[in-house]
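Could you walk me through this structure in the viewer? I'd like to know what to select next and what is there.

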Amino acid sequence: MSGHLVDLFGGSNAIAVFLITIINFILRGIGSLPLFGFLNPLADWLGTEPVVTSIAWLIAITIMITWAAALHLLTFIWLERKLVARLQDRRGPMITLRKDRYIGGTGYLQQIADALKLIQKENITPKAADPWMFHIAPAFLISTTIVVLVALPFSEGFVVANVPAGLLFILAAFSLAPLAILLAGWAQNNKYAMIGGMRAAAMMMSYEIPMILAVIAVVVLAGSLNPIEIVNQQSQLSILAPLAAIGIANWYIIPQFLGFFIFLLAMLAEQERIPFDFPEAEEEVVHGWLVEYGGMRFGMVYGFKWLRTFVAAALVALLFLGGWHGPVLPQEIWFILKIYFVFFIFIWISWSVPRIRIDQILNIGWRKLIPLGLFNIFLAVLVVHANAQGWI
Amino acid sequence: MAEQVWINMGPQHPMTHGLWNLRVKLDGDTIVDADPEMGYLHRGVEKLCEVRNYLKPIVLMDRLCYVSSLTWAHVYCKAVENLMDIEPPPRGKYLNVIACELQRMASHGMWLAAFLADLGLLTGFLYSLRERELVLDLLQLMTGQRMNQNYPRPGGVHNDLPPGFEDEVRRVFRYLRRQYKGYKKFLEDSPTFLMRTQGVGVLRKEDAINYGVTGPNLRGSGARVDLRELDPYDVYDELDFEPVVYEEGDTYARYKVRFGEFFESMRIIEQALDRLPQGPFRIKTPKRAEGEGYARTEDPRGEALIYIIGDGSDRPYRVKIRSPIFVTLSALPMMLRGHRIADVASVTGGIDVCVGEIDK
């Protein structure tokens, strides 16, 4: 078990203390002058512990969002385009800053070029739309995903807030998106958008419950709702005696393979990827709830799908693939490697199957995944009980 | 009881593959009624033919259906031959058969691509287009053009085969057989694909015949109707092939018919190359004609019929085109009723719509 590189909150705290020390030095310098004495209490208040902690939190969240949204979001979009192009016998985006702009480049700048193009577009509000709801929905959608990053740990140190029931918080925030989609679909006053929004709401019924059942089984095994604690449990030797004998760690994908499968499917549905992308099925409802959004509003809503992908991949790695546990390399590196591995599985699945129908996912969810999920909980309880009794 | 709403799927909709409008009446997610509207791409081909001499409409017929242009030029040339009462030489007939079957393969390749894209499988779309490109290369080798070939003529074809064509065909077909067997397995082993196609858009045999549906759509409903076998033209009576027929009448059956025809076309072309006689490939034709002539052939989409009246001048007096998909679309509301809105893409993709030929 290797250590972690980043102590996000400690680092942010140090930055906050440093900033406040400089500001206080200036304030007290001015405060020593006559007439400016009222600044001294302000400096005292800034130096108190709650203020420092609040500012440290703000800094930590900013760093986290920049890291996840600016770095990995762009990388994810680029990687998906490139990998799909490879699957489809194409080359994908190739734009570079060199003189021969479209030949042989890696294409990493394509997302930035797209964003610059979208920013230049006019922000059109349809005449029949409800302007308030229409404009709030994208912000709502994005914030539901960003809020997840507050509790999502990337290593023992790289976490904004170590919440005791963090997993509950993450899943609750992550599941809010269909509400925003429904809002957007309703506000646009467009039949296609309306169908898309309603599909998102109907689909949520079918995958949320199996997903929660899969998580419950993990929680039973780990005995905790704290993501860091769950990962630490997975870094121990396996609770299955034969595996422990050959030194294999207790990644929950081994006792919980069913759960892993269910959770992976639910996460595919959660991101609206192709076998389950009914809310925006292009050939059926012309991009559904996105149909009236234009310009950067569309860019944000569309681009932030990959932030959801990032969070989904992180959750799969966190719950079933041992989180940041791994030999030699630092924790953060291991976790990022696992996230990209899961992301690769997502891409591979979603570009090799056709889209299924909305009534079919309801059938799959209620008639197949829920019984499987319940059976999976039973398996988890059995493993824990057998372990306690020393049967295995 | 929820309110029923009409939705316009088209004229600009990713499902339509062209320019037509499918109005769908929805009760929730279920289709209560449907109403296809055509005419957005009308170019007046029939009228344009009347102001050109007998050779020039071949170019217009090439543009009639942009996916399978050669077969339309071919049926026009056959109609003119019947009007002028001339018989092309055997080599010309064989070359026409080879070219038409290559065009059928290209058309079915394009259909597979569009159908898979309709189902949301963009990877299959690009794979299918990639293999179609090889067939188009063969057509280019034979006629000089990938699309809009302008190849058939009244009384034969425009040019002879280039040297080395036969070896190239056999080489490409070996590769295509291997690839398409892989795609067949890839699709038919996929439960998702079966879920989207089986039992969707069922067209019973009686309904299909009553609505005038022809071609692969009719054979997918269990009727063994193939004009190459029933009313053989050119040299199809000398060749050994089997019409592909499936009983179910759903989208999956239509998919299997077209997939089977792809392999049958390869068989036909290889036989035709084996038996290709020597001699002239084209005879001279008169400039003027009087009387009536018609020809019907098995287009990739169904029965294509062209009827020409000549009044003794060098221009046709009237040209009538019967396009198979125009007739097939009349059965579409019946196939859609009771299905989900998501099945619209599956059904319209399955019947292989080509708007150019619908609107003429």
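Begin with the packing of helix 7 of chain A: its buried residues (under 20% relative accessible area, with a 1.4 Å probe and protein chains only) pack against helix 5 (131-151), helix 6 (166-174), helix 8 (191-222) and helix 14 (305-320) of chain A. Contact here means heavy atoms within 4.5 Å. Helices are DSSP runs of H or I with at least four residues, strands are runs of E with at least two, and both are numbered from the N terminus.

A word on the source: this is a predicted model, where local features need pLDDT of at least 70 and side-chain atom pairs count only at pLDDT 80 or more, while totals for chains, interfaces and linings use all residues. Residues are numbered from 1 along each chain as its sequence is written, and side-chain values use heavy atoms, with hydrogens and water left out.

Now select residues 177-187 of chain A, which make up helix 7. Among the buried ones are A:P178, A:I181 and A:G185. Step just past the helix to A:N189, which has a positive phi of about 55 degrees.

Pairing requires at least two DSSP bridges between two strands.

Follow strand 6 of chain B through a two-residue hairpin into strand 7 of chain B; 10 bridges join this antiparallel pair. Pick B:E290 and its bridge partner B:D311. Across the other pairing, six bridges join strand 7 (residues 302-311) to strand 8 of chain B, and B:I309 stands opposite B:R318.

Terms used: Chains are lettered from A and ligands numbered from 1 in the order in which they are written. Buried means under 20% relative accessible area, exposed over 50%, partly exposed in between (1.4 Å probe, protein chains only).
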